[in-house]
Amino acid sequence: MKYQFPDNFWWGSATSATQSEGASLQDGKSKNIFDYWYDISPERFHGQIGPQNTSTFYENYQQDILLLQQLGHNTFRTSISWSRLIPDGDGELNPKAVTFYNAVIDSLLAHGITPFINLQHFDMPLCMQQKGGWESRAVVAAYARYAKLCFTLFGDRVKHWFTFNEPIVPVEAGYLNDLHYPCVVDFKRAVTVAYHMMLAHAKAVKNYRELAQNGEIGIILNLTPTYPRSDSSPDLVAANQADLLLNRSFLDPVTKGIYPDELVALLREHNLLPLIEPGDCQLIAGGIIDLLGVNYYLPRRVQAKEVPTPQGQINTPEDLFSFYQMPGRKINPHRGWEIYEKGLYDILINLKQNYGNIPCYISENGMGVEGEEQFLTPSGRVEDDYRIEFIREHLQWLHQAIQEGSNCQGYHLWTFIDCWSWLNAYKNRYGLVRLNLADQTRVIKKSGYWFADVAKQNGFN
Ligand code: BGP
């Protein structure tokens, strides 16, 4: 069978500033929260490897863009580092950063690759975190100014913008689960962080539309589909609450301009509502996106709590429901994540049926594998057939969704080159290109050649 994708389908990959640029404190860049956290708690990072150098895109972007071309990319997403562009968060531009991002954008375009630019990928400038981070409305205003500066500087050439990557991650990892700095565990503060990120998103969208630059603006969400353990009423309630808190808290406002009533009621019931100021609802209503990026790695399986948490003692979302491991699940043992290819299809059909079939694309999907050196051939190439299989099986479900009318316009892999991961450093390799950490050389893996061929044929057999 031939899996043929629509004309002009986007084939590419995604990365982020912190995970690829390196030069984390060079040429005027100030610290972001990961630079700082590594300074004070290196033991929280796998192998005690921090974000200083990552995959050296800052130095080697020209070489990397040539690789992207070899990998058949017609599109590529990265992010701008706020702490590189505006080192004090809210003041002067860093001219070296402007030169760098201009060079990257121009080089991508010169090689026939459309740049997709994201404004924030977990990397809050430290100075902004010290002013309260997303708990502060002043930081929301500074972000909106930063966004506007980006549009003004680069919007003549960049026509696909994203306000955030996975905004739920700073909420969960930074304010609920003690996984990212600032390592707070506080449900009410987490809700405020999420709400303020939504206000920041809506302000950026407003600024973008006022400039009338004739492009698209969106957001990238990790729409982890939620599956209840069973059809019993408590399991269904638990799954619905997880979905409201972890998916629809961003998906609904960015696509419908309004939060789900059920979510508002749930937050009110547990005294978790944030401070809502006059004008907020109008602002959020204006934040409806043009394009949705969907990151998909794994499903979320949910069951009711064995013993319900007493009213008044709800301190984290997991006081409302429990996660559930499906017996016999397929798993990527390196990352500990279930592999469930059909989840991609379920997300796209949900967007079609319940979200007006909004234009979207798969903005991240991929497989991190530890110890890939064992698959190196004598010529130095990684024979990563497992990655090819992973991508192919997801693309088959994506194709099925498109056949059924999904408005999905592309597929971006995480990621083109093995890169530094927030907690796992280089433990799990995700790239189509192997990065040799000792000398920074780059060698295309078997999956890279396969991916380039799929992109060229706009499909596969
Ligand atoms: C996504 C992030 C990426 C990337 C990826 C892989 O959630 O947007 O930045 O890191 O996950 O996850 P990890 O690096 O944790 O293995």
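Start by selecting α8, α9 (187-211), α10 (233-256), α11 (261-269) and α12 (280-285): each supplies at least two residues of the lining of the second largest pocket. Helices here are DSSP runs of H or I with at least four residues, strands are E runs of at least two, and both are numbered from the N terminus. A pocket is an open set of points on a 1 Å grid over the protein atoms alone, where a 1.4 Å probe fits, with protein on both sides within 12 Å along at least five of seven lines; lining residues have an atom within 4 Å of a point.

You're looking at a predicted model, in which local features need pLDDT of at least 70 and side-chain atom pairs count only at pLDDT 80 or more, while totals for chains, interfaces and linings use all residues. Residues are numbered from 1 along each chain as its sequence is written, and side-chain values use heavy atoms, with hydrogens and water left out.

**Stop one: the second largest pocket**

Colour α9 now, as the largest share of this lining, five residues, comes from that helix. The second largest pocket holds about 460 Å³ of space (the volume filled by probe spheres set on grid points joined across faces, edges and corners). To find the middle, pick Tyr195, Tyr259, Leu263, Leu267 and Pro274, the closest to its centre of the 26 lining residues. By class, the lining has 22 nonpolar, two polar and two charged residues (Ala, Val, Leu, Ile, Met, Phe, Trp, Tyr, Cys and Pro count as nonpolar, Asp, Glu, Lys and Arg as charged, the others, Gly among them, as polar).

**Stop two: the largest pocket**

Go to Glu172, Asn222, Leu298, Arg335 and Trp337, which lie nearest the centre of the largest pocket, lined by 41 residues. Elements giving two or more residues to this lining are α8 (168-175), β9 (300-303) and β12 (337-338); α8 has the largest share, with three. About 1200 Å³ of space lies in here, and the lining divides into 19 nonpolar, 13 polar and nine charged residues.

**Stop three: the ligand**

Stay put, since the ligand sits in this largest pocket (more than half of its atoms lie within 2 Å of the grid points). Show what's around the ligand (a heavy atom within 4 Å): the residues include Gln19, Glu166, Tyr297, Arg335, Trp337 and Tyr430.

An N or O atom in the side chain of His121 is at 2.8 Å, a polar side-chain atom of Asn165 at 2.9 Å, and one of Trp422 at 3.0 Å. Taken alone, the ligand exposes 380 Å², and the protein buries 92% of that (Shrake-Rupley areas, 1.4 Å probe).

How values were computed. Polar contact = N/O pair within 3.5 Å; in protein donor to acceptor, adjacent residues only side chain to side chain.
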